[in-house]
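Visitor: I'd like to look at the open spaces in this protein with you. Could you walk me through how each one gets its label?

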Amino acid sequence: MIYSRITGTGSCLPGNPVGNAALVATYGLDSTDEWIVERTGIRARHLAPAGTTASDLAKVACEHALEAAGRAPNDIDLIVLATSTPDFIFPSTATILQDKLGMTNGAAAFDLQAVCGGFIYALAVADKFIRSGSHQCALVVGAETFSRILDWTDRGTCVLFGDGAGAVVVEAGDKPGIHATALHADGRYRNILAVAGHLSGGRPIGDPFLRMDGQAVFKFAVKVLAEVAQEVIAAAGMTAEQINWLVPHQANIRIMQATAKKLHLPPEKCVVTVDHHGNTSAASIPLALDEAVRSGKIGAGETALLEGVGGGFTWGAALITL
Ligand code: UT7
């Protein structure tokens with residue numbers, strides 16, 4: 001039986017953290033540090049400087065993940081990169097990353113777009129490639145520069161997001177690491193979180209910025225995250241009591257606390273980085289996982305439930321032992 005297992009994690013955050021007060025002052029927002037902290041749990045986020053792209057952040061995250069796994073770039077035979085803020089329309093950010101990592105072995109590389117659900121989708125895809133026997137050693141990446149698609153006059157969205165990248169190395173093995181994954185989407189909800197602009201004749205047409213019905217997204221997220229958590233636990237043949245850590249998409253502390261409560265997990269068993277990362281979309285789960293692993297919070301042999309939800313709407317979960 002072939003299993004897949006995460007053997008290394010890495011991350012990258014650009015520049016210095018930008019606190020709420022500085023952000024509000026810089027953009028002249030009608031907002032306060034108190035409002036942002038109370039409603040979201042966010043205190044600071046990182047913003048990529050001009051010229052820094054998703055592949056730049058991904059490169060650094062992958063280098064750290066490769067080092068942790070004891071792997072060289074040309075050991076990788078598959079890159080699955082989740083992003084909604086790619087460097088270009090094409091080529092894919094995954095192939096740009098491949099070049100920046102110095103890979104020359106012809107590994108498969110592609111982007112995957114499931115917005116904030118993207119990392120779970122990418123992890124599930126890599127897991128299935130590895131379990132099928134077709135690939136042995138994958139880089140699974142979430143990399144975003146959401147600051148580029150924010151309307152900096154819209155206080156309801158621009159205070160929420162940040163930039164960054166997280167990566168994991170996933171390898172074939174004979175011990176279960178990724179026990180089960182579950183993926184879902186419901187396109188009927190595509191309008192409650194969207195960047196609806198598009199290109200025509202080389203020019204942007206329509207609204208190029210992120211728009212969100214925050215309350216609708218909040219309610220949707222709380223409901224589906226609880227459901228998919230139960231689904232993936234059942235699929236793994238495990239119980240909620242066997243989960244040591246919850247590593248959720250980092251969008252809002254209140255959503256994370258609600259999910260932990262539904263799983264009867266104490267709040268301290270929920271990995272929280274939204275306070276200093278903001279919402280980094282597809283990068284948020286691997287960023288949180290890397291921080292928890294490197295700080296020694298999540299130890300080898302411990303079990304973690306990863307789950308994400310985002311525009312589309314997409315949502316999913318993965319139950320893993322590290
Ligand atoms: O990653 C994808 C998933 N995304 C999410 O999970 C986001 C989910 N949604 C949320 O996290 C929350 O809905 C928000 C944080 C976006 C908003 O919090 P809320 O408690 O739902 O606030 P609200 O939208 O009901 O707005 C309450 C008030 C409004 O003013 P009025 O109409 O009551 O006068 C807003 O205009 O707060 C106002 N407001 C703000 N005030 C100060 C909205 N943004 C801000 C702000 N500063 N930054």
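Guide: Gladly! By class, eight nonpolar, seven polar and two charged residues make up the lining of the second largest pocket. This is a predicted model, where local features need pLDDT of at least 70, side-chain atom pairs count only at pLDDT 80 or more, and totals for linings use all residues. Residues are numbered from 1 along each chain.

Visitor: What makes a residue nonpolar, polar or charged here?

Guide: Ala, Val, Leu, Ile, Met, Phe, Trp, Tyr, Cys and Pro count as nonpolar, Asp, Glu, Lys and Arg as charged, and the others, Gly among them, as polar. In the largest pocket, the lining divides into 14 nonpolar, nine polar and two charged residues.

Visitor: What makes a space a pocket, and which residues its lining?

Guide: On a 1 Å grid over the protein atoms alone, a pocket is an open set of points where a 1.4 Å probe fits, with protein on both sides within 12 Å along at least five of seven lines; lining residues have an atom within 4 Å of a point. By that rule, the largest pocket has 25 lining residues, with L160, M212, G214, F218 and N252 nearest its centre.

Visitor: Which helix gives the largest share of that lining?

Guide: Helix 7, a DSSP run (H or I, at least four residues), supplies six residues, the largest share. Helix 7 spans 214-235.

Note on methods: Side-chain values use heavy atoms; hydrogens and water are left out. Helices (H or I, at least four residues) and strands (E, at least two) are DSSP runs, numbered from the N terminus.
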